[in-house]
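Good morning, and thank you for coming. I would ask you to have the sequence and the model open while I speak.

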Amino acid sequence: MTILKDASEVDTQELIARAGAAVQLGWPRHRAVATSDRRLAATDTALFLSESIEGLNVGAHFLDRLSAVETTQVLAAGRTVSVPQGEMVFSQGEHHDGIFIIRRGQVRVYYTAPSGREITLAYWTPGHFIGGPEISGFAVHMWSGVAIEDCEIAALSRLTLQKLLVQMPTFALAMIDGLIAKGKCYSSMAQMLGTRSVIERLAQYLLNLAELYGIADGNTVLINRKVTHDQIAAMVGSTRQWVTMMLKRFQTKHIISIEGNVIRIKRLDQLKRILFKD
């Protein structure tokens, strides 16, 4: 059993607010990522329904408040779990017994309605914790989490969390940071669903993909991420049939072209016009 020591006091005025990794439009063919600032590459950036890519990855840095020793203690206090691609990390309606910190891989968190329709909350990547918003363990999971690729997870049980929160004040502050990031994610999705039409959500999603994964190819932008119609529908809160119809319309208008599961954007200006029309 890991013995936890009291954390030293940290001057909160010296703590630096960290922003998520963002790639500016310019479509570089190669993205250089400095390792010294601990920022993640675009392929490791979380993705959820949002009006911009700013702040998508803020939650991945919630443990940055901790020293290296404290981070090691937190991770050692948990249980390391390997989750193969396609397997569930947790399931909606199951008993809740703590949270999961993604060490490696990517997890899609989603809600399934009684009708069977799904809506994706987010694709979470290394550094993020999942399994909330409950952290006390006295409830059931409101969402499901499935491994999109082989994952390594640090599982922190309810009792382990309680011990860490009491004995390590910096971890308690870190959890507040993480919950704030999660709250902003929920708010972003609610705002998009409540104030944007489904076609606007689709346009915004494509623009976000282009900014995160876009590779310049002449006057077009190739989205270097394979997405299916089902995945798009679950992200924008629509049906697969509607997404298929709308993407065909975008192709007819020469806004995009689809090559297998890869989308090429030909007219960024037309997608932006959908968002910023008078």
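Strand S5 (residues 107-112) and strand S8 are antiparallel and are joined by 4 bridges. Strands here are DSSP E runs of at least two residues, helices are H or I runs of at least four, and both are numbered from the N terminus. Within this pair, valine 109 stands opposite glycine 145 of S8. Two strands are called paired if DSSP finds at least two bridges between them.

A word on the source: this is a predicted model, in which local features need pLDDT of at least 70 and side-chain atom pairs count only at pLDDT 80 or more, while totals for chains, interfaces and linings use all residues. Residues are numbered from 1 along each chain as its sequence is written, and side-chain values use heavy atoms, with hydrogens and water left out.

S5 and S8 belong to an open sheet of 5 strands, with the order S1-S6-S5-S8-S3 and antiparallel pairing. Which strands stand at the edges? They are strand S1 (47-48) and strand S3 (88-90); each has a single partner strand, so one side of each is left without a neighbour in the sheet.

Let me turn to strand S4 (residues 99-104). S4 is joined to strand S9 (residues 151-156) by 5 bridges, and the two run antiparallel. Arginine 104 has glutamate 152 as its bridge partner in S9. S4 is also joined, again antiparallel, to strand S7 (residues 129-130), by 2 bridges. There, isoleucine 101 has phenylalanine 129 of S7 as its bridge partner.

Helix H1 (residues 68-77) has Glu70, Gln73, Val74 and Leu75 as its buried residues. Buried means under 20% relative accessible area, exposed means over 50%, and partly exposed lies in between, with a 1.4 Å probe and protein chains only. These buried residues of H1 pack against S4, S9, H2 and H3.

In helix H2 (residues 158-167) we find leucine 161. Is leucine 161 buried or exposed? Leucine 161 is buried, with a relative accessible area of 1%. Leaving aside neighbours within four places in sequence, leucine 161 is in contact with Gly98, Ile99, Ile135, Leu156 and Phe171, where contact means heavy atoms within 4.5 Å.

Next, the cores. A nonpolar core is a set of buried Ala, Val, Leu, Ile, Met, Phe, Trp, Tyr and Cys residues joined through side-chain atoms within 4.5 Å. The largest has 56 residues, and those with the most contacts inside it are Trp124, Ile130, Ile232, Phe250, Ile265 and Leu271. Helix H4 (residues 198-213) gives the most to this core, with 9 residues. Apart from this core lies another, of 16 residues, which include Leu63, Ile99, Ile101 and Met175.

The lining includes Phe90, Val109, Trp124, Ile130 and Lys182. Strand S6 (118-124) and helix H3 (169-195) each supply at least two residues of that lining.

Histidine 254 has a positive phi of about 60° although it is not a glycine. Most residues other than glycine have a negative phi. At 53% relative accessibility, histidine 254 counts as exposed. S12 is joined to strand S13 (residues 262-265) by 4 bridges, running antiparallel, and glutamate 259 has valine 262 of S13 as its bridge partner. The hairpin of S12 and S13 has 2 residues between the strands, and glycine 260 there takes a positive phi near 70°.

Finally, confidence. The mean pLDDT of the protein chain is 84, and 84% of its residues reach 70 or more; pLDDT is the predictor's confidence in each residue, from 0 to 100. Over residues 1-41 the pLDDT is below 50, although this stretch has 71 contacts in the model beyond near neighbours in sequence.

Terms used. On a 1 Å grid over the protein atoms alone, a cavity is a set of points where a 1.4 Å probe fits but cannot get out, and a pocket is an open set with protein on both sides within 12 Å along at least five of seven lines; lining residues have an atom within 4 Å of a point.
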